[in-house]
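Here is a short report on one protein model. It covers selected side-chain pairs, helix packing and backbone angles.

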Amino acid sequence: MRKISVIGVGYVGLVTAACFSDLGNTVIALDIDESRISGLKRGEMPIYEPGLEELVQRNMQAGRLSFTTSYKESLKDCEFIFICVGTPSGVDGEADLKYVESAARSIAESMHAPIIVINKSTVPVGTGDWVADLIRDAQPKPIDFQVVSCPEFLREGVAIADFMSPHRTVLGSTSLEAADKVAQLHLPLRSPIVITDLRTAEMIKYASNAFLATKISFINEIADICESLGADVKEVAAGMGFDPRIGKQFLDAGLGYGGSCFPKDVKALVYMAEEMGHEARILNSVMQVNGERRNILIERLRQLLGDLKGRRVGLLGLAFKANTDDMRDAPSIDIAEELLAAGAKVHAFDPVAMENAKKLLPKVEMAKDAYELAKGTDALLVVTEWNEFKNLDLERIRDSMQQPIILDGRNIYQPEQMNSLGFTYFGVGRGYNGQRKTKTEIKVRPNAA
Ligand code: NAD
(Lines give C-alpha, C1' and ligand atoms only; values in the text may rest on other atoms or scores of the structure.)
Protein backbone atom coordinates (compact mmCIF):
# COMPACT_ATOMS: atom_id res chain seq x y z
CA MET A 1 0.00 0.00 0.00
CA ARG A 2 1.41 3.37 -1.01
CA LYS A 3 0.41 6.96 -0.38
CA ILE A 4 -0.31 8.76 -3.62
CA SER A 5 -1.44 12.31 -4.31
CA VAL A 6 -3.29 13.30 -7.49
CA ILE A 7 -3.45 16.93 -8.62
CA GLY A 8 -6.61 17.81 -10.57
CA VAL A 9 -9.92 15.94 -10.34
CA GLY A 10 -10.99 16.18 -13.98
CA TYR A 11 -11.46 13.31 -16.43
CA VAL A 12 -7.89 12.03 -16.00
CA GLY A 13 -7.21 12.94 -12.36
CA LEU A 14 -10.41 11.59 -10.83
CA VAL A 15 -10.14 8.32 -12.74
CA THR A 16 -6.46 8.02 -11.75
CA ALA A 17 -7.27 8.67 -8.10
CA ALA A 18 -10.24 6.29 -8.02
CA CYS A 19 -8.39 3.49 -9.81
CA PHE A 20 -5.18 3.70 -7.78
CA SER A 21 -7.24 3.67 -4.57
CA ASP A 22 -9.18 0.67 -5.86
CA LEU A 23 -5.83 -1.08 -6.30
CA GLY A 24 -5.33 -0.76 -2.53
CA ASN A 25 -3.28 2.45 -2.35
CA THR A 26 -4.12 5.40 -0.12
CA VAL A 27 -4.94 8.29 -2.44
CA ILE A 28 -5.60 11.92 -1.71
CA ALA A 29 -6.86 13.95 -4.67
CA LEU A 30 -6.51 17.72 -4.81
CA ASP A 31 -8.09 20.45 -6.89
CA ILE A 32 -8.02 24.24 -6.72
CA ASP A 33 -11.72 24.23 -7.61
CA GLU A 34 -13.34 24.24 -4.17
CA SER A 35 -16.80 23.41 -5.46
CA ARG A 36 -15.46 20.27 -7.14
CA ILE A 37 -13.80 19.13 -3.91
CA SER A 38 -16.74 19.92 -1.63
CA GLY A 39 -19.05 18.13 -4.09
CA LEU A 40 -16.78 15.08 -4.14
CA LYS A 41 -16.71 15.00 -0.33
CA ARG A 42 -20.52 14.70 -0.52
CA GLY A 43 -20.15 11.95 -3.13
CA GLU A 44 -21.14 14.17 -6.11
CA MET A 45 -19.20 13.65 -9.34
CA PRO A 46 -17.91 16.75 -11.18
CA ILE A 47 -17.90 14.84 -14.49
CA TYR A 48 -19.86 12.02 -16.08
CA GLU A 49 -17.86 8.86 -16.63
CA PRO A 50 -19.54 5.43 -16.60
CA GLY A 51 -18.78 3.49 -13.39
CA LEU A 52 -16.85 6.33 -11.77
CA GLU A 53 -19.38 7.34 -9.12
CA GLU A 54 -19.60 3.83 -7.72
CA LEU A 55 -15.78 3.43 -7.74
CA VAL A 56 -15.24 6.77 -5.98
CA GLN A 57 -17.89 6.14 -3.33
CA ARG A 58 -16.69 2.59 -2.61
CA ASN A 59 -13.10 3.71 -2.10
CA MET A 60 -14.12 6.74 -0.02
CA GLN A 61 -16.12 4.43 2.24
CA ALA A 62 -13.14 2.07 2.53
CA GLY A 63 -11.05 5.04 3.69
CA ARG A 64 -8.60 4.76 0.80
CA LEU A 65 -9.72 7.84 -1.16
CA SER A 66 -10.05 11.39 0.14
CA PHE A 67 -10.17 14.90 -1.29
CA THR A 68 -8.58 18.22 -0.37
CA THR A 69 -7.79 21.70 -1.64
CA SER A 70 -4.61 21.89 0.47
CA TYR A 71 -1.24 21.05 -1.12
CA LYS A 72 0.27 20.68 2.38
CA GLU A 73 -2.30 18.05 3.28
CA SER A 74 -1.95 16.24 -0.03
CA LEU A 75 1.84 16.04 0.27
CA LYS A 76 1.88 14.69 3.84
CA ASP A 77 3.71 11.31 3.87
CA CYS A 78 3.22 11.11 0.12
CA GLU A 79 5.62 9.07 -2.08
CA PHE A 80 4.17 9.86 -5.49
CA ILE A 81 2.36 12.93 -6.78
CA PHE A 82 0.56 12.80 -10.15
CA ILE A 83 -0.01 16.05 -12.06
CA CYS A 84 -3.30 15.71 -14.02
CA VAL A 85 -4.21 19.34 -14.74
CA GLY A 86 -5.48 20.68 -18.07
CA THR A 87 -3.15 21.78 -20.88
CA PRO A 88 -5.48 23.67 -23.24
CA SER A 89 -4.50 25.32 -26.52
CA GLY A 90 -2.79 28.69 -26.30
CA VAL A 91 -3.31 31.51 -28.82
CA ASP A 92 -1.03 30.09 -31.53
CA GLY A 93 -1.92 26.43 -30.96
CA GLU A 94 0.86 25.84 -28.45
CA ALA A 95 -0.03 24.00 -25.23
CA ASP A 96 -0.78 26.47 -22.45
CA LEU A 97 1.20 25.30 -19.42
CA LYS A 98 -0.13 27.76 -16.85
CA TYR A 99 -1.91 25.06 -14.82
CA VAL A 100 1.14 22.77 -14.89
CA GLU A 101 3.34 25.66 -13.83
CA SER A 102 1.09 26.61 -10.94
CA ALA A 103 0.80 22.96 -9.80
CA ALA A 104 4.60 22.53 -9.95
CA ARG A 105 5.14 25.72 -7.92
CA SER A 106 2.61 24.64 -5.30
CA ILE A 107 4.32 21.24 -5.02
CA ALA A 108 7.71 22.93 -4.59
CA GLU A 109 6.39 25.26 -1.88
CA SER A 110 4.64 22.51 0.11
CA MET A 111 6.97 19.51 -0.14
CA HIS A 112 8.82 18.55 3.02
CA ALA A 113 10.28 15.13 2.09
CA PRO A 114 11.66 13.43 -1.05
CA ILE A 115 8.99 12.71 -3.62
CA ILE A 116 8.48 11.51 -7.18
CA VAL A 117 6.54 13.98 -9.33
CA ILE A 118 4.75 12.16 -12.15
CA ASN A 119 3.27 14.11 -15.01
CA LYS A 120 0.16 12.64 -16.62
CA SER A 121 -0.95 15.81 -18.38
CA THR A 122 -0.19 15.96 -22.11
CA VAL A 123 2.71 18.38 -22.28
CA PRO A 124 5.15 19.59 -24.95
CA VAL A 125 8.45 17.80 -25.33
CA GLY A 126 10.88 19.33 -22.84
CA THR A 127 8.25 20.10 -20.18
CA GLY A 128 9.57 17.46 -17.77
CA ASP A 129 12.98 19.16 -17.69
CA TRP A 130 11.28 22.56 -17.31
CA VAL A 131 9.14 21.30 -14.40
CA ALA A 132 12.25 19.91 -12.67
CA ASP A 133 13.99 23.31 -12.96
CA LEU A 134 10.86 25.10 -11.82
CA ILE A 135 10.49 22.97 -8.68
CA ARG A 136 14.19 23.26 -7.86
CA ASP A 137 14.04 27.06 -8.15
CA ALA A 138 10.79 27.42 -6.19
CA GLN A 139 11.72 25.17 -3.24
CA PRO A 140 12.19 27.14 -0.01
CA LYS A 141 15.00 24.67 0.88
CA PRO A 142 16.50 21.90 -1.28
CA ILE A 143 14.69 18.57 -0.95
CA ASP A 144 15.34 15.66 -3.28
CA PHE A 145 12.74 14.87 -5.92
CA GLN A 146 12.55 13.19 -9.34
CA VAL A 147 10.31 13.95 -12.32
CA VAL A 148 8.76 11.11 -14.32
CA SER A 149 6.61 11.47 -17.42
CA CYS A 150 3.70 9.02 -17.52
CA PRO A 151 1.40 10.19 -20.32
CA GLU A 152 -2.22 9.09 -20.07
CA PHE A 153 -3.92 7.29 -22.94
CA LEU A 154 -7.39 6.66 -21.47
CA ARG A 155 -10.51 7.44 -23.49
CA GLU A 156 -13.48 9.23 -21.96
CA GLY A 157 -16.50 6.93 -21.80
CA VAL A 158 -14.36 3.83 -21.14
CA ALA A 159 -11.81 5.53 -18.92
CA ILE A 160 -11.90 3.06 -16.03
CA ALA A 161 -11.40 0.02 -18.26
CA ASP A 162 -8.64 1.85 -20.14
CA PHE A 163 -6.90 2.81 -16.91
CA MET A 164 -7.15 -0.67 -15.41
CA SER A 165 -6.09 -2.49 -18.61
CA PRO A 166 -3.87 -0.12 -20.57
CA HIS A 167 -2.30 -1.28 -23.83
CA ARG A 168 0.98 0.06 -22.45
CA THR A 169 2.35 2.24 -19.70
CA VAL A 170 4.98 4.72 -20.87
CA LEU A 171 7.46 6.08 -18.32
CA GLY A 172 10.14 8.62 -19.06
CA SER A 173 12.72 9.93 -16.62
CA THR A 174 16.30 10.96 -16.15
CA SER A 175 16.31 8.63 -13.11
CA LEU A 176 15.96 4.94 -13.86
CA GLU A 177 15.39 4.34 -10.16
CA ALA A 178 12.41 6.72 -10.09
CA ALA A 179 10.97 5.24 -13.29
CA ASP A 180 11.34 1.80 -11.77
CA LYS A 181 9.42 2.83 -8.62
CA VAL A 182 6.59 4.20 -10.77
CA ALA A 183 6.70 0.98 -12.80
CA GLN A 184 6.16 -0.99 -9.56
CA LEU A 185 3.07 1.10 -8.89
CA HIS A 186 1.69 0.05 -12.28
CA LEU A 187 2.53 -3.66 -11.98
CA PRO A 188 -1.02 -4.69 -10.94
CA LEU A 189 -2.24 -3.34 -14.30
CA ARG A 190 -0.20 -6.06 -16.08
CA SER A 191 0.50 -3.84 -19.07
CA PRO A 192 3.72 -3.71 -21.07
CA ILE A 193 5.86 -0.96 -19.55
CA VAL A 194 8.03 1.17 -21.82
CA ILE A 195 10.79 2.95 -19.91
CA THR A 196 12.52 5.71 -21.79
CA ASP A 197 13.79 9.26 -21.36
CA LEU A 198 11.54 12.19 -20.49
CA ARG A 199 11.40 13.76 -23.95
CA THR A 200 10.71 10.49 -25.73
CA ALA A 201 7.85 9.67 -23.34
CA GLU A 202 6.31 13.11 -23.93
CA MET A 203 6.63 12.64 -27.69
CA ILE A 204 5.03 9.16 -27.62
CA LYS A 205 1.80 10.75 -26.38
CA TYR A 206 1.68 13.42 -29.11
CA ALA A 207 2.71 11.00 -31.85
CA SER A 208 0.00 8.53 -30.77
CA ASN A 209 -2.79 11.12 -30.75
CA ALA A 210 -1.58 12.65 -34.02
CA PHE A 211 -1.59 9.22 -35.66
CA LEU A 212 -5.15 8.48 -34.51
CA ALA A 213 -6.31 11.90 -35.72
CA THR A 214 -4.63 11.15 -39.06
CA LYS A 215 -6.57 7.89 -39.33
CA ILE A 216 -9.83 9.78 -38.81
CA SER A 217 -9.04 12.44 -41.40
CA PHE A 218 -7.87 9.72 -43.79
CA ILE A 219 -11.14 7.80 -43.62
CA ASN A 220 -13.09 11.05 -43.94
CA GLU A 221 -11.22 11.83 -47.14
CA ILE A 222 -11.98 8.30 -48.37
CA ALA A 223 -15.65 8.89 -47.42
CA ASP A 224 -15.86 11.91 -49.70
CA ILE A 225 -14.33 9.92 -52.55
CA CYS A 226 -16.72 7.00 -51.85
CA GLU A 227 -19.68 9.35 -51.99
CA SER A 228 -18.71 10.55 -55.45
CA LEU A 229 -17.91 7.10 -56.78
CA GLY A 230 -20.84 5.16 -55.32
CA ALA A 231 -18.89 3.06 -52.81
CA ASP A 232 -19.91 2.67 -49.15
CA VAL A 233 -17.23 3.88 -46.72
CA LYS A 234 -18.58 1.76 -43.85
CA GLU A 235 -17.99 -1.37 -45.84
CA VAL A 236 -14.69 -0.05 -47.19
CA ALA A 237 -13.53 0.54 -43.60
CA ALA A 238 -14.72 -2.90 -42.51
CA GLY A 239 -12.89 -4.50 -45.42
CA MET A 240 -9.72 -2.54 -44.66
CA GLY A 241 -9.87 -3.25 -40.94
CA PHE A 242 -9.35 -6.99 -41.28
CA ASP A 243 -5.74 -6.24 -42.21
CA PRO A 244 -3.87 -6.17 -38.88
CA ARG A 245 -1.47 -3.59 -40.28
CA ILE A 246 -4.46 -1.24 -40.58
CA GLY A 247 -6.75 -2.37 -37.73
CA LYS A 248 -10.48 -1.84 -37.30
CA GLN A 249 -10.46 1.13 -34.97
CA PHE A 250 -10.63 4.82 -35.81
CA LEU A 251 -12.01 4.17 -39.27
CA ASP A 252 -15.44 5.71 -38.63
CA ALA A 253 -16.18 8.39 -41.18
CA GLY A 254 -18.33 11.28 -40.02
CA LEU A 255 -18.07 14.69 -38.45
CA GLY A 256 -14.38 14.37 -37.62
CA TYR A 257 -12.53 14.36 -34.33
CA GLY A 258 -13.33 16.74 -31.50
CA GLY A 259 -13.06 16.71 -27.73
CA SER A 260 -10.47 17.91 -25.31
CA CYS A 261 -7.46 16.04 -26.73
CA PHE A 262 -7.04 15.43 -30.46
CA PRO A 263 -7.68 18.99 -31.72
CA LYS A 264 -5.37 20.62 -29.19
CA ASP A 265 -2.71 17.90 -29.29
CA VAL A 266 -2.37 17.92 -33.10
CA LYS A 267 -2.16 21.72 -33.02
CA ALA A 268 0.46 21.63 -30.26
CA LEU A 269 2.58 19.09 -32.17
CA VAL A 270 2.42 21.21 -35.33
CA TYR A 271 3.44 24.22 -33.25
CA MET A 272 6.40 22.33 -31.72
CA ALA A 273 7.53 21.14 -35.15
CA GLU A 274 7.29 24.61 -36.65
CA GLU A 275 9.20 26.12 -33.74
CA MET A 276 12.02 23.75 -34.72
CA GLY A 277 11.77 24.72 -38.40
CA HIS A 278 9.85 21.64 -39.61
CA GLU A 279 6.76 22.02 -41.72
CA ALA A 280 4.27 19.41 -40.47
CA ARG A 281 2.71 18.81 -43.91
CA ILE A 282 0.69 15.70 -43.08
CA LEU A 283 -0.62 17.08 -39.79
CA ASN A 284 -1.57 20.42 -41.35
CA SER A 285 -3.68 18.50 -43.89
CA VAL A 286 -5.18 16.37 -41.10
CA MET A 287 -6.36 19.55 -39.36
CA GLN A 288 -7.66 21.08 -42.57
CA VAL A 289 -9.67 17.97 -43.50
CA ASN A 290 -11.04 17.77 -39.97
CA GLY A 291 -12.02 21.44 -39.88
CA GLU A 292 -14.15 21.00 -42.99
CA ARG A 293 -16.13 18.03 -41.61
CA ARG A 294 -18.35 20.12 -39.38
CA ASN A 295 -19.98 21.83 -42.36
CA ILE A 296 -21.02 18.72 -44.24
CA LEU A 297 -24.43 18.26 -42.65
CA ILE A 298 -25.34 21.93 -43.02
CA GLU A 299 -24.30 21.96 -46.67
CA ARG A 300 -26.52 18.93 -47.28
CA LEU A 301 -29.36 20.56 -45.37
CA ARG A 302 -29.11 23.65 -47.53
CA GLN A 303 -29.23 21.47 -50.66
CA LEU A 304 -32.44 19.89 -49.36
CA LEU A 305 -34.21 22.85 -47.75
CA GLY A 306 -32.64 25.92 -49.33
CA ASP A 307 -32.76 28.87 -46.95
CA LEU A 308 -32.62 27.64 -43.35
CA LYS A 309 -34.28 30.74 -41.88
CA GLY A 310 -37.15 29.73 -39.61
CA ARG A 311 -36.50 26.00 -40.13
CA ARG A 312 -36.71 23.84 -37.05
CA VAL A 313 -33.67 21.57 -36.80
CA GLY A 314 -33.06 18.92 -34.12
CA LEU A 315 -29.61 17.76 -33.04
CA LEU A 316 -29.49 14.17 -31.82
CA GLY A 317 -26.51 14.31 -29.49
CA LEU A 318 -24.27 17.14 -28.29
CA ALA A 319 -21.25 15.54 -26.59
CA PHE A 320 -18.14 15.20 -28.74
CA LYS A 321 -18.62 11.43 -28.61
CA ALA A 322 -20.88 8.90 -26.92
CA ASN A 323 -20.69 8.02 -23.20
CA THR A 324 -19.34 11.36 -22.02
CA ASP A 325 -20.68 14.75 -21.01
CA ASP A 326 -17.56 16.46 -22.39
CA MET A 327 -18.47 19.35 -24.69
CA ARG A 328 -14.94 20.64 -25.28
CA ASP A 329 -14.46 21.22 -29.01
CA ALA A 330 -17.58 19.18 -29.80
CA PRO A 331 -18.73 19.39 -33.46
CA SER A 332 -22.24 20.15 -32.12
CA ILE A 333 -21.09 23.62 -31.03
CA ASP A 334 -20.04 24.69 -34.54
CA ILE A 335 -23.07 23.03 -36.11
CA ALA A 336 -25.53 24.70 -33.72
CA GLU A 337 -23.87 28.11 -34.10
CA GLU A 338 -23.90 27.88 -37.89
CA LEU A 339 -27.57 26.90 -37.90
CA LEU A 340 -28.47 29.72 -35.50
CA ALA A 341 -26.52 32.18 -37.65
CA ALA A 342 -28.56 31.02 -40.64
CA GLY A 343 -31.77 31.82 -38.75
CA ALA A 344 -32.79 28.24 -37.95
CA LYS A 345 -34.51 27.26 -34.70
CA VAL A 346 -32.17 24.76 -33.10
CA HIS A 347 -33.33 22.09 -30.65
CA ALA A 348 -31.22 19.30 -29.16
CA PHE A 349 -31.21 16.24 -26.99
CA ASP A 350 -28.25 14.47 -25.40
CA PRO A 351 -28.50 11.81 -22.67
CA VAL A 352 -25.85 13.40 -20.41
CA ALA A 353 -24.22 16.48 -21.98
CA MET A 354 -27.15 18.94 -21.89
CA GLU A 355 -26.15 20.59 -18.61
CA ASN A 356 -22.67 21.38 -19.97
CA ALA A 357 -24.08 22.30 -23.38
CA LYS A 358 -26.56 24.85 -21.97
CA LYS A 359 -23.66 27.02 -20.82
CA LEU A 360 -22.11 27.01 -24.30
CA LEU A 361 -25.28 27.09 -26.38
CA PRO A 362 -27.85 29.15 -24.45
CA LYS A 363 -29.98 29.71 -27.57
CA VAL A 364 -30.46 26.01 -28.23
CA GLU A 365 -33.73 24.60 -26.87
CA MET A 366 -33.16 21.30 -25.02
CA ALA A 367 -35.68 18.45 -25.38
CA LYS A 368 -36.41 15.78 -22.78
CA ASP A 369 -35.81 12.90 -25.19
CA ALA A 370 -35.37 12.06 -28.87
CA TYR A 371 -39.14 11.81 -29.45
CA GLU A 372 -39.88 15.26 -28.05
CA LEU A 373 -36.96 16.56 -30.11
CA ALA A 374 -38.37 15.12 -33.34
CA LYS A 375 -41.79 16.81 -32.99
CA GLY A 376 -42.35 19.35 -35.74
CA THR A 377 -38.74 19.39 -36.97
CA ASP A 378 -37.81 19.95 -40.60
CA ALA A 379 -34.73 17.76 -40.14
CA LEU A 380 -32.87 15.74 -37.52
CA LEU A 381 -29.07 15.70 -37.53
CA VAL A 382 -27.28 12.80 -35.83
CA VAL A 383 -24.31 14.44 -34.16
CA THR A 384 -23.29 11.93 -31.46
CA GLU A 385 -23.34 8.15 -31.82
CA TRP A 386 -25.13 7.34 -28.55
CA ASN A 387 -26.30 3.71 -28.44
CA GLU A 388 -29.78 4.77 -27.38
CA PHE A 389 -30.25 6.54 -30.74
CA LYS A 390 -29.54 3.33 -32.65
CA ASN A 391 -32.79 1.61 -31.73
CA LEU A 392 -35.29 4.44 -31.67
CA ASP A 393 -38.86 3.85 -32.83
CA LEU A 394 -38.12 5.42 -36.20
CA GLU A 395 -41.73 5.25 -37.42
CA ARG A 396 -42.80 7.28 -34.41
CA ILE A 397 -39.97 9.73 -35.12
CA ARG A 398 -40.94 9.97 -38.80
CA ASP A 399 -44.62 10.57 -38.05
CA SER A 400 -43.92 13.40 -35.62
CA MET A 401 -41.54 15.31 -37.88
CA GLN A 402 -42.63 18.16 -40.11
CA GLN A 403 -40.48 16.62 -42.85
CA PRO A 404 -38.87 13.19 -42.47
CA ILE A 405 -35.28 14.22 -43.14
CA ILE A 406 -32.43 12.60 -41.21
CA LEU A 407 -28.82 13.55 -41.85
CA ASP A 408 -26.65 11.05 -40.08
CA GLY A 409 -23.23 12.49 -39.24
CA ARG A 410 -22.19 9.27 -37.50
CA ASN A 411 -23.53 6.59 -39.87
CA ILE A 412 -25.56 4.88 -37.16
CA TYR A 413 -28.41 3.88 -39.50
CA GLN A 414 -28.59 1.77 -42.64
CA PRO A 415 -29.48 3.83 -45.74
CA GLU A 416 -31.66 1.07 -47.21
CA GLN A 417 -33.72 0.76 -44.04
CA MET A 418 -34.14 4.51 -43.70
CA ASN A 419 -35.19 4.87 -47.32
CA SER A 420 -37.72 2.07 -46.98
CA LEU A 421 -39.18 3.76 -43.91
CA GLY A 422 -39.79 6.83 -46.04
CA PHE A 423 -37.05 9.08 -44.71
CA THR A 424 -34.97 11.36 -46.86
CA TYR A 425 -31.76 10.01 -45.39
CA PHE A 426 -28.10 10.78 -45.95
CA GLY A 427 -25.18 9.28 -44.07
CA VAL A 428 -21.54 10.14 -44.71
CA GLY A 429 -19.75 8.46 -47.62
CA ARG A 430 -22.50 5.90 -48.12
CA GLY A 431 -22.22 5.60 -51.90
CA TYR A 432 -25.47 6.31 -53.66
CA ASN A 433 -27.24 6.59 -50.32
CA GLY A 434 -28.63 3.07 -50.19
CA GLN A 435 -29.80 2.98 -53.79
CA ARG A 436 -27.51 0.05 -54.69
CA LYS A 437 -29.24 -3.05 -55.93
CA THR A 438 -26.59 -5.45 -54.60
CA LYS A 439 -25.84 -6.67 -51.07
CA THR A 440 -26.17 -4.33 -48.14
CA GLU A 441 -23.54 -5.57 -45.73
CA ILE A 442 -20.12 -7.14 -45.81
CA LYS A 443 -20.41 -10.84 -45.11
CA VAL A 444 -17.46 -12.89 -43.96
CA ARG A 445 -17.65 -16.63 -44.57
CA PRO A 446 -16.36 -18.75 -41.69
CA ASN A 447 -12.84 -20.00 -42.38
CA ALA A 448 -12.35 -17.38 -45.07
CA ALA A 449 -8.67 -16.48 -44.99
P1 NAD B 1 -9.90 18.61 -16.86
O2 NAD B 1 -10.03 19.98 -17.35
O3 NAD B 1 -11.08 17.69 -16.90
O4 NAD B 1 -9.36 18.60 -15.37
C5 NAD B 1 -8.31 19.39 -14.94
C6 NAD B 1 -8.50 19.69 -13.46
O7 NAD B 1 -7.31 20.32 -12.96
C8 NAD B 1 -9.65 20.67 -13.18
O9 NAD B 1 -10.51 20.10 -12.21
C10 NAD B 1 -8.93 21.92 -12.63
O11 NAD B 1 -9.68 22.62 -11.66
C12 NAD B 1 -7.68 21.32 -12.02
N13 NAD B 1 -6.55 22.24 -11.84
C14 NAD B 1 -6.10 23.21 -12.68
N15 NAD B 1 -5.03 23.83 -12.15
C16 NAD B 1 -4.78 23.23 -10.96
C17 NAD B 1 -3.79 23.41 -9.97
N18 NAD B 1 -2.82 24.30 -10.09
N19 NAD B 1 -3.84 22.62 -8.85
C20 NAD B 1 -4.81 21.70 -8.70
N21 NAD B 1 -5.77 21.47 -9.64
C22 NAD B 1 -5.75 22.23 -10.75
O23 NAD B 1 -8.70 17.96 -17.71
P24 NAD B 1 -8.56 16.45 -18.23
O25 NAD B 1 -9.46 16.21 -19.37
O26 NAD B 1 -8.59 15.55 -17.05
O27 NAD B 1 -7.09 16.50 -18.82
C28 NAD B 1 -5.96 16.62 -18.00
C29 NAD B 1 -4.72 16.36 -18.83
O30 NAD B 1 -4.72 15.00 -19.29
C31 NAD B 1 -4.61 17.23 -20.09
O32 NAD B 1 -3.27 17.52 -20.32
C33 NAD B 1 -5.14 16.31 -21.17
O34 NAD B 1 -4.60 16.64 -22.45
C35 NAD B 1 -4.64 14.96 -20.72
N36 NAD B 1 -5.45 13.84 -21.17
C37 NAD B 1 -6.80 13.93 -21.17
C38 NAD B 1 -7.56 12.84 -21.58
C39 NAD B 1 -9.06 12.93 -21.61
O40 NAD B 1 -9.67 12.05 -22.23
N41 NAD B 1 -9.68 13.92 -21.00
C42 NAD B 1 -6.93 11.66 -21.97
C43 NAD B 1 -5.53 11.59 -21.93
C44 NAD B 1 -4.80 12.68 -21.52
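Asp-334 and Arg-294 join their side chains in a salt bridge, at 2.9 Å from N to O. A salt bridge here is a side-chain nitrogen of Lys or Arg within 4 Å of a carboxyl oxygen of Asp or Glu. The pair links distant parts of the chain, 40 residues apart. Asp-334 sits in helix α14 (residues 331–341), and Arg-294 in the loop between α12 and α13. Arg-294 is buried, with a relative accessible area of 8%. Asp-334 is partly exposed, at 34%. Buried means under 20% relative accessible area, exposed means over 50%, and partly exposed lies in between (1.4 Å probe, protein chains only).

This is a predicted model: local features need pLDDT of at least 70, side-chain atom pairs count only at pLDDT 80 or more, and totals for chains, interfaces and linings use all residues. Residues are numbered from 1 along each chain as its sequence is written, and side-chain values use heavy atoms, with hydrogens and water left out.

The structure holds 28 salt bridges. Three of them are listed here, among them the pair already described.

| Salt bridge | N to O distance |
|---|---|
| Asp-334 and Arg-294 | 2.9 Å |
| Lys-98 and Asp-96 | 3.0 Å |
| Lys-264 and Asp-265 | 2.8 Å |

Lys-264 and Asp-265 are both buried. Lys-98 is partly exposed, with a relative accessible area of 45%. Asp-96 is partly exposed too, at 21%.

**Helix α12**

Helices (H or I, at least four residues) and strands (E, at least two) are DSSP runs, numbered from the N terminus. Helix α12 spans residues 281–293, 13 residues in total. From first C-alpha to last, α12 reaches 19 Å, close to the 18 Å expected at 1.5 Å a residue. That expected span is 1.5 Å times one less than the number of residues.

Which residues of α12 are buried? They are Leu-283, Val-286, Val-289, Asn-290 and Arg-293. These residues lie on the same side of α12 because they cover an arc of only 120° around the axis. The arc is taken from the directions that run from the helix axis to the C-beta atoms. An α-helix has 3.6 residues a turn, so residues three or four places apart point the same way. On the other side of α12, Arg-281 and Gln-288 are exposed.

The buried residues of α12 pack against α9 (198–229), α11 (262–275) and α13 (296–305). Contact means heavy atoms within 4.5 Å.

**Where α9 meets α11**

The axes of α9 and α11 come within 9 Å and cross at roughly 115°. Axes are lines fitted to C-alpha atoms, for helices over the stretch in contact, and angles run from 0 to 180 degrees between N-to-C directions. Residues in the contact include Met-203, Tyr-206 and Ile-216 of α9, and Phe-262, Leu-269 and Met-272 of α11. Asp-265 of α11 takes part in this contact, and Asp-265 also forms a salt bridge with Lys-264.

**Two positive phi angles**

Most residues other than glycine have a negative phi. Asp-329 has a positive phi, near 50°. Asp-329 lies in the loop between β9 (312–316) and α14, and is partly exposed at 33%. Asn-411 also has a positive phi, of about 50°. Asn-411 lies in the loop between β13 (405–408) and α18 (415–420). Is Asn-411 buried or exposed? Asn-411 is buried, with a relative accessible area of 3%.
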